[in-house]
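Please look through the sequence and the model below before reading on.

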Amino acid sequence: MRRMPVGLVIAAIIAGVLVLGGVILYITGSSAGTASFGWFAYQPISGAAFFPSSLVVLTPLTATGAAIAIAGLIGFGVIAGFILGRRHPTGR
């Protein structure tokens, strides 16, 4: 059985920490910025009011957490592709 190179193990640990940290940051950031009031714009000509029912606005903390988690997942993909794409010696 071949041993995994130390660099790949370290890269996998870093990718795992990025994914875990990004998910934790995303979860904590999504609940911290919840507002209990609405924001209304003044429209002097229009008689209708705009109520965003399905509008989702990400806070900077939530977007950062998502970006960090995605970077970790991309790192896992690169590591998996490298491991699966290595050539094994034939013969012997």
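Val17 is found in helix α1, which covers residues 6–32; helices here are DSSP runs of H or I with at least four residues, strands are runs of E with at least two, and both are numbered from the N terminus. The model is a predicted one, in which local features need pLDDT of at least 70 and side-chain atom pairs count only at pLDDT 80 or more, while totals for chains, interfaces and linings use all residues. Residues are numbered from 1 along each chain as its sequence is written, and side-chain values use heavy atoms, with hydrogens and water left out.

Val17 counts as exposed because its relative accessibility is 56%, given that exposed means over 50% relative accessible area, buried under 20%, and partly exposed in between, with a 1.4 Å probe and protein chains only. Together with Met4, Val9 and Ile13, Val17 makes a nonpolar surface patch of about 350 Å². Such patches are made of residues with over 30% relative accessible area and no salt bridge, with nonpolar side chains (Val, Leu, Ile, Met, Phe, Trp, Tyr) joined within 5 Å and like charges within 9 Å; a salt bridge is a side-chain nitrogen of Lys or Arg within 4 Å of a carboxyl oxygen of Asp or Glu. An α-helix has 3.6 residues a turn, so residues three or four places apart point the same way.

Further along, Thr28 also has its place in helix α1 and, at 41% relative accessibility, counts as partly exposed. A polar atom of the Thr28 side chain lies 3.2 Å from the backbone oxygen of Leu25, and the C-alpha atoms of Thr28 and Gly65, 37 residues apart along the chain, are separated by 9.1 Å. Ser30, likewise in helix α1, is partly exposed at 40% relative accessibility, and its C-alpha is 7.7 Å from that of Leu58, 28 residues apart in sequence.

Which residues does Thr62 touch, leaving aside those up to four places away in sequence? Thr62, which lies in helix α2 (residues 60–85), touches Tyr26, Gly29 and Ser30, where a contact means heavy atoms within 4.5 Å. The side chain of Thr62 reaches the backbone oxygen of Gly29 at 3.3 Å, and Thr62 is buried, with a relative accessible area of 4%. Also buried in α2 are Gly65, Ala69, Gly72 and Ile79. The 26 residues of α2 should span 38 Å at 1.5 Å a residue, which agrees with the 37 Å between its end C-alpha atoms; the expected span is 1.5 Å times one less than the number of residues.

Taken as a whole, the protein has two helices and zero strands. Of its 92 residues, 11% count as buried, and among contacts with a separation of 6 or more, 98% are between residues 24 or more positions apart.

Methods:
Accessible areas come from the Shrake-Rupley method with a 1.4 Å probe; for residues, only the protein chains shown count as cover. A polar contact is a pair of N or O atoms within 3.5 Å; within protein, one must be able to donate a hydrogen and the other to accept it, and residues adjacent in sequence count only if both atoms are side-chain atoms.
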